[in-house]
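Take a moment with the sequence and the 3D view. We will go through this structure piece by piece.

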Amino acid sequence: MRKWIVISDSFKGTLSSREICRLARAAAEKAGFDGELVTIPVADGGEGTVDCFAEACGGTLVSLTVSGPFGEPVQAQYARLPDGTAVVECAACAGLPMVEGRQDPERTTTYGVGELIRHAVEHGAARVIVGLGGSCTNDGGCGAAAALGVRFADAGGKAFVPTGGTLQNIAGIDVSAARRLLAPVELIAMCDIDNPMYGEHGAACVFGPQKGADAPTVERLDRGLRALDTAIRRDLGRSVAALPGAGAAGGFGAGCVAFLGARLQSGIETVLETVHFDEQLRGCEMVVTGEGKLDEQSVHGKVISGIARHCASAGVEAVALVGALEADADALHRCGLSSARSINPEGIDFSTAARHAGEYYTQALCALIVERCGH
């Protein structure tokens, strides 16, 4: 029996990865695909990451009340996967949409994210994946760390939970309780940006404005992250500020490594590892991947190039269905793809194509099935 895998990034603004999986299953039925079709939604660490992993791995969702961006109680979920992995996303309780109209990265906290992680660990999670996308915070992950037992003390020795506006008040850091809690746990932070903790390309300067920070606020937030790095170097004996991804989620990337002993890892590699993609490739004839626009950047990107690299190692053909195709044959080859095609009919403007993206994707996959399988 032939086996195909559909594992596509989202088409930004039109189709989510989970929608593409649903469309693929419908297309296979419509085209009379006479084999096994495996669909794997791809998560990028932001909103929807928990749902994607739960769908891909057959996990269950765990709901609980935790602290929201301003410390208010909110309902949030994480995924518990069959292999003992838990998946947590920042966006569940510290997401940017949660503070629409009242953004304040000097006050918002990741404390609730730490509560989700703690609940997962205390209920047996042996591995925790934390998606760092879509946050409204700039606290360097101090809130989450505090919820997990890290003690931050001010100049008077009093414990407090730092936020983006109070990072410079940290006079002491004790991670011993958190390290004991997390000792048996593998902690992975999903991160697909390479920004450092602070500076011109850091968390505050690059992402602060979209979180509601004006120029003076950005400057204060950046100074706070610099002060946090100084405190980490002083009390923990290391600097994480320049690590690629340290600036993710308002410096949470740095905090994950420094306070929690986490590993920063690309989103697609985390997905492929968790769904045992290399094992899924055994006996596979074709992998269909894709994204909204395939261009020269895709060759150096994360999702398509990561998937194609694994396919090449396994000797499995990888093709891409994309919204816009702006890469030549050489770029496709360097990316590891055997071919790529646009789902959009020629001459259709973007606004029209976006409205009919689902229909066009279904038609394109049906055509590929008929072409390759003879139905």
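At what angle do helix 1 and helix 2 pack, and how far apart are their axes? Keep in mind that this is a predicted model. Find helix 2 at residues 49–57 and helix 1 at residues 17–30. The two helices pack at an angle of about 35 degrees. Their axes lie 11 Å apart.

Now look at the side facing each partner. Helix 1 brings Arg18, Cys21, Arg22 and Arg25 to the contact. Helix 2 meets them with Asp51, Cys52 and Glu55. Sorted by class, this contact has five charged residues, two nonpolar ones and no polar ones.

Five strands make up an open sheet with parallel pairing, in the order 2-1-11-13-15. Strand 2 (36–39) and strand 15 (339–342) are its edges, and each pairs on one side only. On average, neighbouring strands here are turned by 20 degrees against each other, direction ignored. Helix 1 also packs on this sheet, where it touches strand 1 (3–6) and strand 2. The direction of helix 1 makes about 170 degrees with that of strand 2.

Go to strand 15. Strand 13 (residues 317–322) runs parallel to strand 15, and four bridges join them. Here Ala320 stands opposite Ala340.

Finally, find a hairpin. Strand 3 (residues 60–67) and strand 4 (residues 73–80) pair in the antiparallel sense over eight bridges. Thr65 has Gln75 in strand 4 as its bridge partner. Five residues sit between the two strands of the hairpin.

Notes
Residues are numbered from 1 along each chain as its sequence is written. This is a predicted model: local features need pLDDT of at least 70, side-chain atom pairs count only at pLDDT 80 or more; totals for chains, interfaces and linings use all residues. Side-chain values use heavy atoms; hydrogens and water are left out. Two strands pair if DSSP finds at least two bridges between them. Axes are lines fitted to C-alpha atoms, for helices over the stretch in contact, and angles run from 0 to 180 degrees between N-to-C directions. Contact means heavy atoms within 4.5 Å. Ala, Val, Leu, Ile, Met, Phe, Trp, Tyr, Cys and Pro count as nonpolar, Asp, Glu, Lys and Arg as charged, and the others, Gly among them, as polar.
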